[in-house]
Amino acid sequence: MLRIFTSRVASVVETAARANLSATSIVSRRCMSKHVVESEEEFDARYESFFNRPDIDGWEVRKAMNDIHADDLVPEPKIVIAALKACRRINDYALAVRYLEAIKDKTGPKQGEIWPYMLKELQPTLSELGISTPEEMGYDKPEFASESVYDMH
Amino acid sequence: MSAARPQLRGLLKSQLKRDFSIAAVLSVGAAVMWQAVVVLPRKRRYEAFLTNLDADKEFIRMREAGVFQSVKPGGEINDEAW
Amino acid sequence: MAFQLSRHAITISRRALSTSLVKSQSAKAPALNQEQVDSYYPKIGNRDIVGFGFNGNPNYQDRPEFPAPAVRWAPNTEEIQALRQKEAGDWSKLSMEEKKALYRASFRHTYAEMKAPTGEWKSILAGTLLGCAVAGWFMVWLKAYVYPSLPVSITDEWKEDMLEKAIKQQQNPVEGVASKWDYESNRWKN
């Protein structure tokens, strides 16, 4: 009985230790068994405070961006502002523009309604940080085409 | 023109709700139309035919037309058929 | 002893699963062991690994649902290194070409290019129609050289006789052919 208990504990320690070392053990919204439901404000506050961490690094910015992109929502402007400032802190301009494009894509069929609103909310931050929008960079239309990877033999 | 704050959350969810309700309405509508245009007239036709059917008269008409193998026009049994 | 170990384990596991955001132990780049370096770096060459990506492997794929892939697109060259120095400064001082160069250094395609139509439907349609044409010519050859002649029951006289018999037998009296015949006056109903 004790042997079974210690072996099970040992496996938990092993997986937890591996999780800690792999630098991906951070943003998990749900515990394994309980169904944690958080309100919208809590969700927003969590992502905003995550992006606003002064010691954030590129790995975590990308992880949080990919995670929030997977949800059925367009991020609140305040979250996007925090993400753009995080890109500024890690000195990655391309990622900031990429994220703007990602949000524009996330609006889906309601792009004409949501994207101008987003741009209006983000304009102060964009001018402050010196980020050009995808439209200003000419990236709202395709610039060039490449061979599809499925056609390369 | 300043737009009111658009919906940002649950866009897919609201789209699915709208799509499912449209699908439900269309399905029920299609079923009702099928009943009205196909099923009920068919039932009425069968009812009309079967209540007014005189099977013996139809048998004699077919017999005189020479359709049967076992009985000849006129009523005589046909032994050469088998 | 086992009790202390279990309490320690619960603390670690709770931290790993917690909803608060804990800083991971790696700082800028992931800590790879030699085996991982040998397996990844020949494939990715001089590129930075910048994130987890969509499956944990250091690959690059343009996916609309994953804005930030695991590696940068372009390998690090002298020009790009110089651009990175400039990137550490004020972004409003970057020219448009430099901004575009920075974007293309990290990413292969923009979202517009990712989602642009490929015109593949033309080759698909062409291939399908080609298949149909081959099948059609095969059917012509079968008709010319393989099929026996049509049976006599296809002729109009035979078909008229069949129709006459169907009416005499009162086939399908409710919805079909006999329902269209008026038996009282021996002609078709209008």
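**Notebook: chains C, B and A of a predicted model**

I began with burial in chain C, where 13% of the 190 residues count as buried. I call a residue buried if 20 or more other C-beta atoms lie within 10 Å of its own, exposed if 12 or fewer, and partly exposed in between, with C-beta atoms placed from the backbone. I note that this is a predicted model, in which local features need pLDDT of at least 70 and side-chain atom pairs count only at pLDDT 80 or more, while totals for chains, interfaces and linings use all residues. Residues are numbered from 1 along each chain as its sequence is written, and chains are lettered from A and ligands numbered from 1 in the order in which they are written.

**Chain C**

I counted 7 helices and 2 strands in chain C; helices (H or I, at least four residues) and strands (E, at least two) are DSSP runs, numbered from the N terminus. Along the sequence their pattern reads α-α-α-α-α-α-α-β-β. I took contact to mean that the C-beta atoms of two residues, placed from the backbone, lie within 7 Å. Among the contacts in chain C between residues at least 6 apart in sequence, 31% join residues at least 24 apart.

I then looked up the domains, whose bounds come from an automatic or database domain assignment. Chain C is divided into domain 1 (2-114), domain 2 (123-147) and domain 3 (149-190). The C-alpha centres of domain 2 and domain 3 of chain C are separated by 37 Å.

I examined C:Glu98, which is found in helix H4 (residues 96-106) of chain C. C:Glu98 is partly exposed, because 17 other C-beta atoms lie within 10 Å. Leaving aside neighbours within four places in sequence, I found C:Glu98 in contact with C:Leu83 and C:Lys86. The C-alpha atom of C:Glu98 is 9.3 Å from that of C:Glu87, 11 residues apart along the chain.

**Chain B**

I found 2 helices and 0 strands in chain B. Its radius of gyration, 31 Å, is well over the 12 Å that the globule rule gives for 82 residues, so chain B is more spread out than a compact globule. The radius is taken over C-alpha atoms, and the rule is 2.2 Å times the number of residues to the power 0.38. The C-alpha atoms fill a box of roughly 95 × 30 × 20 Å along the principal axes. Of the 82 residues of chain B, 0% count as buried.

The domain assignment gives chain B domain 1 (15-51) and domain 2 (54-82), with C-alpha centres 43 Å apart. From UniProt I took the feature "transmembrane region" (unreviewed entry) at residues 20-40 of chain B. Over residues 20-40 chain B is 100% helix and 0% strand, and the end C-alpha atoms are 28 Å apart.

I checked the interface with chain A: 9 residues of chain B are in contact with 10 residues of chain A.

**Chain A, helix H4**

I tested the length of helix H4 (residues 77-89) of chain A: at 1.5 Å a residue its 13 residues should span 18 Å, and the end C-alpha atoms are 18 Å apart, which agrees. The expected span is 1.5 Å times one less than the number of residues. Buried residues of H4(A) include A:Ile79, A:Leu84 and A:Cys87. The buried residues of H4(A) pack against helix H2 (40-51), helix H3 (58-69), helix H5 (93-106) and helix H6 (111-129) of chain A. A:Asn91, which follows H4(A), has a positive phi, near 60 degrees.

Definitions and conventions. UniProt positions renumbered as here; feature names shortened; annotations may be inferred.
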